[in-house]
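Work through the exercises below with the sequence and the 3D structure at hand. Each task is followed by a solution in steps.

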Amino acid sequence: MTKKIAIIAEHHGEEISPVTYELLTLAKKIQGNEAGDICFFILGENAEKPAQTLSLNTGEIVHAINIPGLLQYNGAIYKKLLSTLFSQETFDYICAPHSTSGMDYAPALSISLGGSCITGVEDVIMEADALYFARSMFSGKISARLGAEAGPMVLTLQPGALKPFPLEHKKKGSVEKTVIEITDDTMVFTGTRPSPSEGSDLAKAEVVVSGGRGIRDAQNYKYIEMLARLFPRSATGGSRPICDYKWIPYGKQVGITGTTVSPKLYFACGISGAPQHIEGMKNAGFIVAVNIDPDAPVFQIADVCIVEDLMEFIPLFIETFKKKRRKKDERNNLGDPFLD
Amino acid sequence: MKILVCIKQVMESESMVRINDSGKWIACSASTRFEMNPFDAYAVEEALLIKETFSGSTIHIITVGPEQSRDTLRKALGMGVDEAIHILDNHIGYRPPSLTASWISAYARDTGYDLILTGIMSADEMNGQTGPMIAQLLSIPCCTAAIHEKIGPDETHVSVEREIEGGARELFDVKLPCVLTLQTGINCPRYPSLSMVLRARKKEIHVIPAAFFEKRDPGVTLQALQYPEKKNKGILLNGTIESKVDQLIYILNKKALLV
Ligand SMILES: Cc1cc2nc3c(=O)[nH]c(=O)nc-3n(C[C@H](O)[C@H](O)[C@H](O)COP(=O)(O)OP(=O)(O)OC[C@H]3O[C@@H](n4cnc5c(N)ncnc54)[C@H](O)[C@@H]3O)c2cc1C
Ligand SMILES: Nc1ncnc2c1ncn2[C@@H]1O[C@H](COP(=O)(O)O)[C@@H](O)[C@H]1O
């Protein structure tokens, strides 16, 4: 059976988001060894430009749906338009990103098309001719395999879960342009507001020490600060919940809806390792995780895994390190009596 | 304003998560403790804040779940909501969100709610589907990840700030009735007050058996649960805490990360 697969591209103006290329990997995995159609849909005013880039990079067919006036995501318009498009031309699978926009339109789209929906997909499993989709549950402590029978199947892909599909410049793709006038008065875009993490010093720091709910109390954030002080050019950060609890300001939030950091060294202390946090720090050069739970998902991406209570480990680390440094300084001083 | 808040009961966040014998759900014992989905506490609180501004508002809460989920309704009643509806479904295990959404929307149809609030996701299943599906089933707008909302004085629109990647916000004017799914941090959920809790105990909960609703094929089935494959790329430090400290100092020194 050949499968028809549509991918809804994510883009910001002319810039294609990385998850769009990861969606192609998802589509190819669904397709397996069978022949079939894969095509992209990209929506927005001036959709042709990013559509050109996408077809050039993937060699696939890209439908550029030009919607005058749609300069940023609008859920009502996406839902209306995509339901119309996909009832005119049906697909077996519709792949969207598990981003703040994909999460917004995908579930509704599956309802209006009478299909099924699986969100936060991380992988595709082929077993005895049946396709299953793997996704996290229970904060990543469990991986669930779901199957879908009713078509179309609307899937959202967890960003970062699959590798981007390698760029393909040999195959010639194509762009098919359509202009659609569409407005919606139930949801009107009125503007934007900058992120509270704008201008935060986190992104520039060489060492970031972050705390999560595992610190248990606002005052225990001092352990995070003490640890950070051992390193020059360091900054302190945290997971979203401790910002929500007002233990630290949102400017310090690391993750998909906070700051994305890529320091030389990242400490995750009392952080479970939810995908939304990992997306914001996985490019750190070296990751040290301290967590009392040996099954914490954060250990899957850490370079050094330490199963300990952070409230005991951090003070002991600081004390031991300072002692060693003092000894080293003393040795150095003995070696050169003129230097102080 | 007539507000409906959807709340779900989930296992307490630090519970042991072990797969049961069927391989299709989590093992529960007498000592397993449950709580209101932490993401839903923001929805209850937001409804209470709206009621403080628009006096005369009513807040209903609804849950789909087994007998025991009534405790969670009681907790929300203790926070100050007016009435509780329980769609009783004794099935323990994965219930696809489209099914939950179809029952809630069937209940909410023609009941005149101006606003339906949900959490951004359930802490256990992490679907993020139920709210947007309810809206679509009712053919009303939905705005997800709301981090700020303000209802217009004529109560026909709500201004919503929705949070996107990087923490920036997109502002929308949304027509009522609508569904909002709330991002964490939109408010600080209150604790139930003792007097409210006492009063809540006496409140009647409106129970509707799930069988009352039209059967619907959710189209999705859970085949199996597994523990994630451990593909740790790093090293696990062994030994006493003192030895782990020494090892970490040694590793960081070698990598020239400590000076
Ligand atoms: C749309 C959306 C966007 C989001 N964006 C972000 C984001 O940008 N950034 C972000 O961080 N989250 C984000 N989240 C939330 C995310 O899903 C998780 O809920 C959050 O990251 C969990 O934070 P945590 O690890 O601090 O808490 P938990 O998951 O509760 O983990 C706490 C950890 O601490 C450990 N622990 C407890 N006590 C100790 C101790 N004494 N010593 C050591 N360890 C201990 C526990 O074992 C546990 O692993 C987002 C969610 C959504 C839905
Ligand atoms: N069984 C349920 N009963 C009532 N509301 C629910 C239920 N499941 C999910 N919800 C609501 O839908 C939101 C998203 O859940 P989910 O789609 O499972 O991630 C939750 O935060 C709740 O507000």
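**Exercise 1. Find which residues come nearest to ligand 2, and describe the shell around it.**

Step 1. Ligand 2 has 19 residues around it, and C6(B), D40(B), S122(B), G128(B) and T130(B) come nearest. A residue is near a molecule or strand if one of its heavy atoms lies within 4 Å of it. The model is predicted, so local features need pLDDT of at least 70 and side-chain atom pairs count only at pLDDT 80 or more, while totals for chains, interfaces and linings use all residues. Residues are numbered from 1 along each chain as its sequence is written, chains are lettered from A and ligands numbered from 1 in the order in which they are written, and side-chain values use heavy atoms, with hydrogens and water left out.

Step 2. Look for polar contacts. A polar contact is a pair of N or O atoms within 3.5 Å; within protein, one must be able to donate a hydrogen and the other to accept it, and residues adjacent in sequence count only if both atoms are side-chain atoms. A polar backbone atom of C6(B) is 2.7 Å from an oxygen atom of ligand 2. For G128(B), a polar backbone atom is 2.6 Å from an oxygen atom of the ligand. S122(B) uses a polar side-chain atom, which lies 2.6 Å from an oxygen atom of ligand 2.

Step 3. Check the cover. Ligand 2 exposes 480 Å² when taken alone, and the protein buries 98% of that. Accessible areas come from the Shrake-Rupley method with a 1.4 Å probe; for residues, only the protein chains shown count as cover.

Step 4. Assign the shell to elements. Those that give two or more residues are β4 (58-65), α3 (97-108) and β6 (115-119) of chain B. The largest share, three residues, comes from β4(B). Helices (H or I, at least four residues) and strands (E, at least two) are DSSP runs, numbered from the N terminus.

Step 5. Sort by class. The shell around ligand 2 has six nonpolar, 10 polar and three charged residues. Ala, Val, Leu, Ile, Met, Phe, Trp, Tyr, Cys and Pro count as nonpolar, Asp, Glu, Lys and Arg as charged, and the others, Gly among them, as polar.

**Exercise 2. Describe α4(B) and the residue just after it.**

Step 1. Seven of the nine residues of α4(B) are buried, which leaves this helix mostly covered.

Step 2. The buried residues are G131(B), P132(B), M133(B), I134(B), A135(B), L137(B) and L138(B).

**Exercise 3. Which residues of helix α2 (residues 70-79) of chain B are buried, and what follows the helix?**

Step 1. The buried residues of α2(B) are T72(B), L73(B), A76(B), L77(B), G78(B) and M79(B).

Step 2. G80(B) follows α2(B) and has a positive phi, near 125°.

**Exercise 4. Locate I151(B) and find how far its C-alpha atom is from that of M1(B).**

Step 1. I151(B) lies in strand β7 (residues 142-151) of chain B, and it is buried, with a relative accessible area of 7%.

Step 2. I151(B) and M1(B) are 150 residues apart along the chain, and their C-alpha atoms are separated by 9.6 Å.

**Exercise 5. Which chains supply the residues that surround ligand 1?**

Step 1. Ligand 1 is surrounded by 28 residues, and the closest are S239(A), Q253(A), T257(A), S272(A) and N291(A).

Step 2. The surrounding residues come from chains A and B, so the site is shared between chains.

Step 3. An oxygen atom of ligand 1 is 2.8 Å from a polar backbone atom of R213(A). A nitrogen atom of the ligand is 2.9 Å from an N or O atom in the side chain of D309(A).

Step 4. On its own ligand 1 has 1000 Å² of accessible area, of which the protein covers 90%.

Step 5. The shell around ligand 1 divides into nine nonpolar, 13 polar and six charged residues.

Notes
Buried means under 20% relative accessible area, exposed over 50%, partly exposed in between (1.4 Å probe, protein chains only).
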